[in-house]
Amino acid sequence: GSGEGSSSGAGAGATGGAASGDDLREKMLDAFTSEENKRFQAMLEARGLPPHLLGSLGSKMHYIFHKSMSSSNNSRAQQLLSGMEQGGDESVQLQSCIELGQLLVMGNEDTLGGFPVKQAVPVLITLLSMEHNFDMMLNSCRALTYMMEALPRSTTAVAAAIPLLIERLQVIQCMDVAEQALSALELLSRRQGKAILQVGGLNACLLYLDFFSIATQRCALSVAANCCQSVMEDDFPLVSSAIPILTNKLAHQDKRSVESCCLCFSRLTDSFINHPAILKEIASEGLLTNIQQLLLLSPPLITPNTFVMVLRMLSSLCASCPELAVEMLNNNMPETLRYLLVGSEQLNSDNLELVARSPTEVYELVSLTGELMPPLPNDGIFDVEEIIAFKKNMPSAIQWQWQENDGSWKPYGKIENRMIEANYAAAQEEEVSIAVMGTSYVVDLGAMQQINEESGTMRAVRRLTIDPSKVDSKKSKVKPVDDPRTLALIANPGLATTFIQSLFAVLYEVFNSMAGPVVRHKCLKALLQTLYYSNPKDLMSILQEIAVSSHLATMLTSQDYRVVVGAMQMADILINKLPDTFSLYFHREGVIHQMRALKDVPLKVLATPKKEETPRQRLFPPSPALSSSSPATGLTGLAAGLTGLSSSASATTTSADASSSPQSSARKRLSDILRKGRRQLRRSLNRGGRSEDDLPQARTTPLQSPPPSFLHFP
């Protein structure tokens, strides 16, 4: 009891001292430099020398003072270490430890150059092990913390104290010592998170979490987030017992605590992305429900970067473990996504207005929408790899990676990879800012380093060229029939009904409102999934308010081949589910006319963009061209089939044109169109002073279709 009372004031200062140590050091150094400058100037004037002489020496004065301070501090540190090594008198040891902490809190890498770190750490660890003397443990732990703040490179040496610091958390004899141990572990976890996890540090930090203050709880959850990075399968037992505590903390009202918990689960999801059983265990404690409630809070409790990170985590959970997607469907996730996109859960599709969000947020929301539904089949019209020449026309992929503490290399995400590569190829800026799992980084492309803006930690980065054919060869064919999401929709048709009523009109609005091709392509895929797995009755009710036929005709004229393929796939779904309705509307609204233009046309592979690309084209590359070696059952078969269906309904179509030499006439028509378009592009570009090398870029840039008249835009 006396130990706790004697150290309560010191513990209160530990939290504030660690936070304001840098500012205090800078103020003292500035005051010292200013005082010395005044004394030096007065000495020059007394000796008759011009006062402005100090101006020429001013640039060197800072270095001279720091050098003198460094030598004096080193000699002082040696004296204090000698005092701490005296085992006979604990009062001398305590006083030396306190003065060493003061020396460290006032220093930095300049003033403490040559500090005997390897000699000081074992002495401080010895003092930290004196369980009978709370003041000794507190001040030794404080000195270790100040050492890591002033000398970040000392973290490797201080890592030897990790077991002892964790012991101070497992058996709390003095709350101030436990709080200071958490502060030290938080600094250590930035570089030694793996070492802390392997000795049980994650559970120790969360063991008595509710007994600490809010500031200390933030520190403990920050340690947990750092420990959850790059967790291996064998290390999961060290994490599993902490999952219920982290899940419950998602309902906390403290912003920083909640964001640290989100970061924990995001990193765990990335670590076990290929282990569905472990992902189910992670989500078994109410994770999905708490996350869903967190997303609905207004005003939002988390930052936009954390919001995107959470949505990406949910998408990964659905893709890797479809059972979790079924659980989200049963928990009314479609209504949640509708609320996040349009700000209302009402099913009225009139005058839909999207909530103002960044393209990245909309992309992640649409991605999660698509992952909730089963995947599309890989045969027939959906065999996209046989229709669109991905592997034949895709150049060697560029992958950026960062180096882990153990020397291994970790790849960046797709979005971050594109951003870094775009800046690297443009050669305009040497630094690019990215956000990974809620943490902001600056990638220095000149020095090939990644810098953490919060901690200042630097890591090496590298740029690799990867053959995409080797990466794609590892992927197996998806079997939608065996997918748990498919079985759930069959067992409970109401899930599909709720999904299409809640999100189809919203997805349609997103597709027509967003300008970025990446978001549009993802949205188009989600629309196809929604149509494919819905029943004709629901389709008829939802499509009565949407002029889908006229919009399909517009999509078929797009220069974005992914949009063209998606429009044909959508037309195939609609004509098979509602033939009596759409056989008439397709002919009336011009869909059949566009199909005839595409029917029996051998698909040509367009040239890839040449040397002079804009940064935007590198960041959002044009859609892959259609393959010239696609099978006859691809776009040709679909166009002919749709035309045939419409002809049987309207008696206005003749089959003579399609049967008499379709290949030659189609080639002639397509070549005339391409030749005419090439001449027009060459004229317009030459007027602007551009070279003919830019023609492939202009030809493959997606053309935005005009929005239908029934849509209301802000």
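Predicted model: local features only at pLDDT ≥ 70, side-chain atom pairs only at ≥ 80, totals over all residues.
**Exercise 1. Work out how helix α16 and helix α19 pack: their axis distance, crossing angle and contact residues.**

Step 1: start with the axes, which are lines fitted to C-alpha atoms over the stretch in contact, with angles running from 0 to 180 degrees between N-to-C directions. Those of α16 (residues 304–320) and α19 (residues 359–372) come within 9 Å and cross at roughly 20°. Helices here are DSSP runs of H or I with at least four residues, strands are E runs of at least two, and both are numbered from the N terminus.

Step 2: name the orientation. α16 is roughly parallel to α19, a label for angles under 35 degrees. Their crossing is left-handed, meaning the near helix is turned anticlockwise from the far one by less than a right angle.

Step 3: list the contact (heavy atoms within 4.5 Å). On the α16 side you'll find, among them, P304, F307, V308 and L311, and on the α19 side residues including T360, E361, E364 and L365. By class, the contact has 10 nonpolar, 3 polar and 4 charged residues. Ala, Val, Leu, Ile, Met, Phe, Trp, Tyr, Cys and Pro count as nonpolar, Asp, Glu, Lys and Arg as charged, and the others, Gly among them, as polar.

Residues are numbered from 1 along each chain as its sequence is written, and side-chain values use heavy atoms, with hydrogens and water left out.

**Exercise 2. Find the strand order of the open sheet and its edges.**

Step 1: the 6 strands run β2-β1-β6-β5-β4-β3, with antiparallel pairing; two strands pair if DSSP finds at least two bridges between them.

Step 2: β2 (409–411) and β3 (431–436) each have a single partner strand, so one side of each lacks a neighbour in the sheet. On average, neighbouring strands are turned by 35° against each other, direction ignored.

Step 3: zoom in on one pair. β1 (residues 397–403) and β2 pair in the antiparallel sense over 3 bridges, and Q401 has P411 of β2 as its bridge partner.

**Exercise 3. Describe the surroundings of Q449.**

Step 1: Q449 has a relative accessible area of 27%, so it's partly exposed, between buried (under 20%) and exposed (over 50%), using a 1.4 Å probe and protein chains only.

Step 2: look around. Leaving out residues up to four places away in sequence, Q449 touches V442, V443, D444, M458, R459 and V461. The C-alpha atoms of Q449 and V461 are 5.3 Å apart, though the two residues are 12 residues apart along the chain.

Conventions. Parallel < 35°, antiparallel > 145°, perpendicular 65-115°, else oblique.
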